[in-house]
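Welcome! Have the sequence and the 3D view ready, and try each exercise before reading its solution.

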Amino acid sequence: MGDTWVQLPWPGPPHSALLLIFFLLAAGVRHADAGTSCPVLCTCRNQVVDCSNQRLFSVPPDLPMDTRNLSLAHNRIAAVPPGYLTCYMELRVLDLRNNSLMELPPGLFLHAKRLAHLDLSYNNLSHVPADMFREAHGLVHIDLSHNPWLRRVHPQAFQGLVHLRDLDLSYGGLAFLSLEALEGLPGLVTLQIGGNPWVCGCTMEPLLKWLRNRIQRCTADSQLAECRGPPEVEGAPLFSLTEESFKACHLTLTLDDYLFIAFVGFVVSIASVATNFLLGITANCCHRWSKANEEEEI
């Protein structure tokens, strides 16, 4: 009897295989969408978006949703629109150095909870407000150096940044920095503050005392930090000032000092009255003598 072949209907792939194919297709579509949304003049690869050195005057409007490293360095960007980072939850590194930024919009980092490295050096920032880094609690490194117009750092500018290790405030226009701005940074390891026009008056004593106590744990550019005023300490290294340098800030007057000052004031007042009285008598005598001479001549 010959062999008989019977062709049965193909039941199709198992259910698990169908699910696997579906997920692979979905992942491929998602990857394709992320890759095709690379902005013009930028390169995108492995979640790194590089838009540096492109003479951009504004930030690119659309980025891959899974961007982790964004470089906008060496452009001419003057402003970042509010909410620009809202959709990029995976962002870890943001490089905005060497642009023309004068300020950042409030709440820019509100959704950048994974942001760890931020470079804002070589810009035109004038101040660091209290809400600048709000909610960006994962920041480890902040570079604000070479902002020549940076005059003020709000006492609560770095509030909540418990993981911050490296802070660069060098080569700006800072004459004063509040102790409150730094004492809430328990993880701070490196602090760069050289190249600023520090005014080493009485208001700087709390900060310098705090820095001296942490100098072993916190690396600072002590050789570059110098005083620009007052005249008596101009040119002196910031970290060379001791408690003796601020002795005059703690002088207090005793009761004897106040009594002596009051006595001197009283004596000066009496002397002034007596002097005025004598001058008045002298002037009156001179006037009478002059008048008598005129009458004799007539």
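This is a predicted model: local features need pLDDT of at least 70, side-chain atom pairs count only at pLDDT 80 or more; totals for chains, interfaces and linings use all residues.

Residues are numbered from 1 along each chain as its sequence is written, and side-chain values use heavy atoms, with hydrogens and water left out.

**Exercise 1.** Find how many disulfides there are.

*Solution.* Start with the idea: a disulfide is a covalent bond between the sulfur atoms of two cysteines. Here the rule is a pair of cysteine sulfur atoms within 2.5 Å. Applying this rule gives three disulfides. They join Cys-38 and Cys-44, Cys-42 and Cys-51, and Cys-200 and Cys-227. In the link of Cys-38 and Cys-44, the sulfur atoms are 2.0 Å apart.

**Exercise 2.** Work out the handedness of each link, starting with Cys-38 and Cys-44.

*Solution.* Look at the torsion about each S-S bond in turn.

- Cys-38 and Cys-44 show 85 degrees and form a right-handed link.
- Cys-42 and Cys-51 have about 115 degrees, so this disulfide is right-handed.
- Cys-200 and Cys-227 have about -95 degrees, so this disulfide is left-handed. Cys-200 sits in the loop between β11 (198-199) and α3 (205-214), while Cys-227 belongs to strand β13 (residues 227-229), so the pair ties together parts that are 27 residues apart in sequence. Helices (H or I, at least four residues) and strands (E, at least two) are DSSP runs, numbered from the N terminus.

**Exercise 3.** Which residues touch the most other members of the largest nonpolar core?

*Solution.* A nonpolar core is a set of buried Ala, Val, Leu, Ile, Met, Phe, Trp, Tyr and Cys residues joined through side-chain atoms within 4.5 Å. The largest one has 62 residues, and Phe-109, Phe-133, Phe-158, Leu-167 and Leu-238 touch the most other members. Two or more residues come from each of α2 (180-183) and α3. The largest share, four residues, is from α3.

Note on methods
Buried means under 20% relative accessible area, exposed over 50%, partly exposed in between (1.4 Å probe, protein chains only).
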